[in-house]
Amino acid sequence: MKIAFISDIHGNIDALNAIVEELEKTEIYGIAFLGDYITDFPYHNEVLTKMQELSRKYRTWIVKGNREDYIIDHYNGKYRNWTFSNTSATLLYTFESLLIQHLGYISNMPNELVINLRGYKPIYIRHRVKREEWPKHPYVVSGHFHYDFEAEKPGTKKYILNSAGLAYNGTPGAHYAIATSIGEEWIITRHVVDYDRKALIRKVRKHKVYRYPSKWMMMVCKTLETGNGYLSAYWTTALQRCVERGIGSMDMQLEDIPNSIWREVRTELLENKDTKK
């Protein structure tokens, strides 16, 4: 018995297709999707359509991530300051171009699930499980942080998976995991497959999302190219700069950061070849 785990696709249909091509070479019983399928790369409808196709071919378990929640919450009127002139631009683009049936699809996704197959120990899945959290299940698998982490304590093995669509750990490519049954237990292994990332970057640079003032997609592409954490450094450094200048706090909304700060931080990061997560 083998189950694949895919997390944090972020609209990167090329990465998802590369993983699926690898999975088709082995006997996979099912696929668990761990959230953040949309936003950043502008191919969210293609990703969600592919996931629905895979649900007709394999048994699937699907939970939503924070990016799905952002879109659902915006639909329900929570976010009023999304514009194409700040860092919410790619979120707004996703919201406005998301097919209505896909809005319904992500709205019906649960926050957590337990993969409970007869004869095997259960696997708990949720998009975000912090390092210090220990859900009471034999196996816990999550994503969100875009890096690999695993830990164990009596009764629980916990795995945080790297991103399929936008890895941060210095190893570019599409990351995923496979759980293989050994008796009632599971052995979880991590995998990465590369694909034509340069072609994807060229395609994205021609898309209108690349031209939005915050240049969010410029840093997304730099992260995709290198596998290093340019994107996470972009927003954390911008927040720190706002705190230093007395114009904000570390929990302020990214949309409220002035474009002049984004421009300053972006220049610094792109000049620093050693940027890591």
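Student: Which residue of strand 2 does I3 stand opposite?
Tutor: In this predicted model, strand 1 (residues 2-6) and strand 2 (residues 30-33) pair in the parallel sense, and four bridges hold that pairing. Within strand 2, the residue that I3 stands opposite is G30.

Student: Which are the edge strands of the open sheet?
Tutor: The open sheet has five strands with mixed pairing, and their order is 3-2-1-9-10. An edge strand pairs on one side only, and this holds for strand 3 and strand 10 (185-193).

Student: What angle does the direction of helix 1 make with that of strand 9?
Tutor: Helix 1 (residues 13-23) packs on the sheet, where it touches strand 1, strand 2, strand 9 (174-182) and strand 10. Its direction, taken against that of strand 9, makes an angle of about 30°.

Student: Are I123 and I125 of strand 5 buried or exposed?
Tutor: Strand 5 (residues 123-126) is covered on both faces, with I123 and I125 on one side and Y124 and R126 on the other.

Student: Within what arc do the buried residues of helix 5 fall?
Tutor: The buried residues of helix 5 (residues 100-107) are H102, L103, Y105 and I106. Seen down the helix axis, they line one face of helix 5, because they fall within an arc of 160°.

Student: How are helix 7 and helix 8 oriented to each other?
Tutor: Helix 7 (residues 216-226) and helix 8 (residues 230-244) pack with their axes 7 Å apart, at an angle of about 140°. The contact includes W216 and M219 of helix 7 and Y230 and L231 of helix 8, and by class it has seven nonpolar, two polar and one charged residues. An angle over 145 degrees would count as roughly antiparallel, and helix 7 and helix 8 are therefore oblique.

Student: Why does R197 count as buried?
Tutor: R197 lies in helix 6 (residues 197-205), and it touches P172, G173, L224 and E225, leaving aside residues up to four places away in sequence. Buried means under 20% relative accessible area, so R197 counts as buried with its relative accessibility of 15%.

Note on methods
Residues numbered from 1 in each chain as written. Predicted model: local features only at pLDDT ≥ 70, side-chain atom pairs only at ≥ 80, totals over all residues. Heavy atoms only, no water. Buried < 20%, exposed > 50% of the residue type's maximum accessible area, 1.4 Å probe, protein only. Helix = DSSP H or I, 4+ residues; strand = E, 2+ residues; numbered from the N terminus. Axes fitted to C-alpha atoms, helices over the stretch in contact; angles between N-to-C directions. Parallel < 35°, antiparallel > 145°, perpendicular 65-115°, else oblique. Contact = heavy atoms within 4.5 Å. Nonpolar A, V, L, I, M, F, W, Y, C, P; charged D, E, K, R; others polar. Arc of directions from axis to C-beta. Pairing = 2+ DSSP bridges.
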